[in-house]
Amino acid sequence: VYQSEFVFWASVAYTLLYMTVLDNGALMTSYLEWSKVDTFSFGVGRGVGAIFGLAGTFVFPVLVARLGNSLGAAGLVSLWLFFASLVPASALMLFEPRTLAADYALIASMAISRMWLWAFDLVVTELCQTYVSEKNRGVFGSVQTASYQLFYTVIQVAGVVSPDPANFSVLVQVSILVVLLAAVIYTVWYLRVYQPRFDSAEAAYSSVSTS
C-alpha cells in the first residue's frame with residue numbers, strides 16, 4: 001500500500017529528514033554543552049527556531065500561491081532552501097570543527113532552517129491528505145511514522161557508537177548528506193512523477209477547452 005501511492009517517494013524524502021543531529025535533540029544539546037556554549041545562547045537559538053518554525057506556516061501558503069498553486073513545486077523549493085540554510089554550518093563544522101564560530105553557526109543555521117523545514121512538512125501533509133486514497137490513509141500514515149522513527153533511531157544509534165563529542169562533526173556531515181539525498185529523491189519524484197501527471201492533465205483540459 002505504501003509503495004503504491006502517488007506520493008510514496010515524497011514521503012520517503014520526508015522521513016529521511018528525521019535521520020539528523022541538526023535538531024534540538026539530546027545529541028546536539030550534549031555537544032553544545034561539551035563545547036562550552038553557554039546555555040543562554042542555545043536557549044535563545046531554540047526560541048528563535050520556534051519563531052522561524054511558526055513563520056513557516058505563513059510562508060507555506062504564500063509559496064504555494066507564488067508557484068502557481070503547485071504543492072509539488074512548493075515542496076521542491078522549501079526542501080532545497082532547507083538544505084541551503086544548513087550548508088554554512090556544515091561547511092564550518094567540516095573545515096573549522098570545534099571552534100566557537102562553527103558552534104554558533106550551527107545554532108543559527110538550525111534556527112533559520114526551521115522555517116523551510118516546517119513549510120516542507122506542511123507540503124507533505126497536504127500532499128498525503130490530497131493524493132493518498134482515503135481507505136489507505138491509515139496504513140500509509142502508520143508506515144510513514146514507522147519509517148521516520150526508524151531513521152531517527154539510526155542516527156541516535158550512530159551517536160551511541162561514536163560517543164566522543166570531538167567526532168560530532170562526522171554526524172553533522174552525515175546529517176547534511178541525508179538532507180541532500182532527501183532533496184534529490186524529492187526532485188526526481190517531482191520531475192518524473194508529479195510534474196508529468198499535471199502537465200498531461202493540463203494538456204487534456206486545453207484540448208477539451210479548444211474543441
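When I say pocket, I mean an open set of grid points with protein on both sides within 12 Å along at least five of seven lines. This is a predicted model, so please take what follows as values computed from it.

With that in mind, let me start with the largest pocket, which holds about 210 Å³ of space. Its lining includes Tyr14, Leu17, Tyr18, Phe82, Arg114, Trp118 and Tyr152, and helix 5, spanning residues 100-131, gives the most to that lining, with four residues. Sorted by class, the lining has eight nonpolar residues, one polar residue and three charged ones.

How many cavities of 30 Å³ or more does the structure hold? The structure holds one.

Let me turn now to the packing. The largest nonpolar core has 61 residues, and within it Val7, Leu106, Leu127, Phe168, Tyr186 and Trp189 touch the most other members. Helices 1 through 7 are the elements that each give two or more residues to this core, and helix 7 supplies the largest share, 13 residues. Trp189 is worth a look on your screens: leaving aside residues up to four places away in sequence, Trp189 touches Phe6, Val7, Trp9, Ala10, Leu127 and Tyr194. Trp189 also belongs to an aromatic cluster, which it forms with Phe6, Phe120, Tyr131, Tyr186, Tyr190 and Tyr194.

Finally, helix 1. Is this helix largely enclosed or largely open? Helix 1 is largely enclosed by the rest of the structure, because eight of its nine residues are buried; among them are Phe8, Ala10, Val12 and Tyr14. The rings of Phe8 and Trp9 form an edge-to-face aromatic pair, with 4.7 Å from centre to centre and 65° between the planes, and the count of aromatic pairs in the structure comes to 16.

Conventions
Residues numbered from 1 in each chain as written. Predicted model: local features only at pLDDT ≥ 70, side-chain atom pairs only at ≥ 80, totals over all residues. Heavy atoms only, no water. 1 Å grid on protein atoms, 1.4 Å probe; cavity = no way out; pocket = protein on both sides within 12 Å on 5 of 7 lines; lining within 4 Å. Points joined across faces, edges and corners; volume = space filled by probe spheres on them. Nonpolar A, V, L, I, M, F, W, Y, C, P; charged D, E, K, R; others polar. Core = buried A, V, L, I, M, F, W, Y, C linked by side-chain atoms within 4.5 Å. Buried < 20%, exposed > 50% of the residue type's maximum accessible area, 1.4 Å probe, protein only. Contact = heavy atoms within 4.5 Å. Phe/Tyr/Trp six-rings, centres within 6.5 Å; stacked < 30°, edge-to-face > 60°.
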